[in-house]
There are 2 protein chains.
Amino acid sequence: MTDERQISKAVIARLPRYYRYLGDLMEEGIERISSNELSARMKVTASQIRQDLNNFGGFGQQGYGYNVRYLYNEIARIIGIDRQHNIIIIGAGNLGQAIANYANFEKRGFMIKGMFDINPRLIGLVVRGVEIRGIDDLEQFIIENEVQIAALTIPKSKAPEIAERLVNAGIKAIWNFAHMDLSVPEDVVVENVHLSDSLMRLSYRVSSMMDERERKEKERLEKEV
Amino acid sequence: MTDERQISKAVIARLPRYYRYLGDLMEEGIERISSNELSARMKVTASQIRQDLNNFGGFGQQGYGYNVRYLYNEIARIIGIDRQHNIIIIGAGNLGQAIANYANFEKRGFMIKGMFDINPRLIGLVVRGVEIRGIDDLEQFIIENEVQIAALTIPKSKAPEIAERLVNAGIKAIWNFAHMDLSVPEDVVVENVHLSDSLMRLSYRVSSMMDERERKEKERLEKEV
DNA sequence: GTTTAATTGTCAATATTTTATCAAATTGTT
DNA sequence: AACAATTTGATAAAATATTGACAATTAAAC
């Protein structure tokens, strides 16, 4: 019986990074690692690593540390990438194609079953073995192919309408690249990738870094006088 | 004189979303808004909105609320998108081109000055008025064009080498789409967009949603018996 | 086989973030 | 012009997240 206390968002957000580092360790041929060593690599506290992992069970061994391969597989199971997920991409522009072309997704169980677009010039084209279809076939395709996840790489203006169609067709999750928040029923997962938000966060940090540099420079000059 | 206490990451992460909603309000022709109304739209507490904004100053007025246009401009100033940022894109594949084609970036002061790639078939092509150049010209271009930000849309394997060249050429920030963490001096900003991490977070949430659904179904059946 | 060193998982202590509360200020109404 | 309704900004309280400490356990050294 699974423990039913809610895992915090922050912990979940860190899991993929742990997974990534464990994958790297495996590639380096490292078989075991302590929270301390991993802490040094990842620049997080060892305590946090142990605390995070213990939300899901005791994967380590005292005096030994963690077995890299075992932990890697356990995290895959926790994240749910040990199962197969069927995914479609809606919007076959550059961004949609970029996602389709990222090979590793398929390695992790995300099978791209189809791509859709409204642009007639794109319909019929084949990207990485996946045909681009007209948006009319959307609902039928989702049901027939047991699609759970839809990547939404279309402009903001079309997003709400398509999101509603996806929900009605029974999609479980939307990977949303449109620059807006979607409103969906609470049993539909929306994971946002708001690139403009990301660029603004970067902008904030650059700006405050520059401000700080200026301030320090000023301080230095004042001291000289 | 600016207040020098550190603004928390969580607050900064929320600013672009406030900015987005304020933009929408302006488009709707709404001139003033209270933290309560905004709270209802954004699905965050009014208290958090007021608290967040007050990190940067008192932009509202008691009994009135916030002037939408004024707050919008103030947030733009805080984020630093009232100034011009020169940006280059390294990696002119689908992802790089998707970014180049997103028009709104330029509206917010991010001027795409150049694109770079190693693929000879791409070099010389023009995307949205920007020529794709060979990677050899990188350093000189950065200096001559006062480039502050580089978007890194290249495979993991090339990322560390290019990142180092960028740093040496004096870049201020890297918008990193490569599926790895870069190590750079602390005065260089790195904003990561790890799409695979994002998809894994989605996967976790879908999986636990499905688990929960199963659990409830089971509970229901047990009750019936 | 015993001892020492290493390391986890857990619990307690800190630190941070979020939410609630309310006096003070402002607007709009009568 | 007085009064009721709003609404902020600030402070306090509550909730959450992170870090530290250490007993229990294991591995490795001797």
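Over all chains, the structure holds 14 aromatic pairs, where rings of Phe, Tyr and Trp (its six-membered ring) pair if their centres lie within 6.5 Å, and planes under 30 degrees apart count as stacked, over 60 as edge-to-face and the rest as tilted. The model is predicted, with local features needing pLDDT of at least 70, side-chain atom pairs counting only at pLDDT 80 or more, and totals for chains, interfaces and linings using all residues. Residues are numbered from 1 along each chain as its sequence is written, chains are lettered from A and ligands numbered from 1 in the order in which they are written, and side-chain values use heavy atoms, with hydrogens and water left out.

**An aromatic pair between the chains**

- The ring centres of Phe56(A) and Tyr204(B) are 6.5 Å apart and the planes stand at 75°, so this pair is edge-to-face.
- The pair crosses between chains: Phe56(A) lies in the loop between α3 and β2 (60–61) of chain A, and Tyr204(B) lies in helix α9 (residues 195–224) of chain B. Helices (H or I, at least four residues) and strands (E, at least two) are DSSP runs, numbered from the N terminus.

**Interface of chains A and B**

- In this interface, 62 residues of chain A are in contact with 62 residues of chain B (heavy atoms within 4.5 Å).
- About 6000 Å² is buried between chain A and chain B, and carbon and sulfur atoms give 62% of this area; buried area is the accessible area (1.4 Å probe) that two parts lose on being put together, summed over both.
- The rule finds 14 salt bridges across the interface, each a side-chain nitrogen of Lys or Arg within 4 Å of a carboxyl oxygen of Asp or Glu.
- A salt bridge joins the side chains of Arg17(A) and Asp181(B), at 2.7 Å from N to O.
- On the side of chain A that touches chain B, at least two residues each come from α1 (9–27), α4 (68–79), α5 (94–101), β9 (173–176), β10 (189–192) and α9 (195–224) of chain A.
- The most residues on that side, 18, come from α9(A).

**DNA strand D**

- Among the 26 residues around DNA strand D, those that come nearest are Ser47(A), Gln51(A), Gln62(A), Ser35(B) and Gln62(B); a residue is near a strand if one of its heavy atoms lies within 4 Å of it.
- A side-chain N or O atom of Arg14(A) is 2.9 Å from a phosphate oxygen of DNA strand D.
- Ser47(A) places a polar side-chain atom 2.8 Å from a base nitrogen of DNA strand D.
- α3(A) gives the largest share of the surface near DNA strand D, with four residues.

**DNA strand C**

- Sugar or phosphate accounts for 61% of the atoms of DNA strand C within 4 Å of the protein, and bases for the rest.
- Bases of DNA strand C are approached from both chains: a polar side-chain atom of Arg50(A) lies 2.9 Å from a base oxygen, and a side-chain N or O atom of Gln51(B) is 2.7 Å from a base oxygen.
- A phosphate oxygen of DNA strand C lies 3.2 Å from a backbone N or O atom of Phe59(A).
- α3(B) contributes the most to the surface near DNA strand C, with four residues.

Conventions
Polar contact = N/O pair within 3.5 Å; in protein donor to acceptor, adjacent residues only side chain to side chain.
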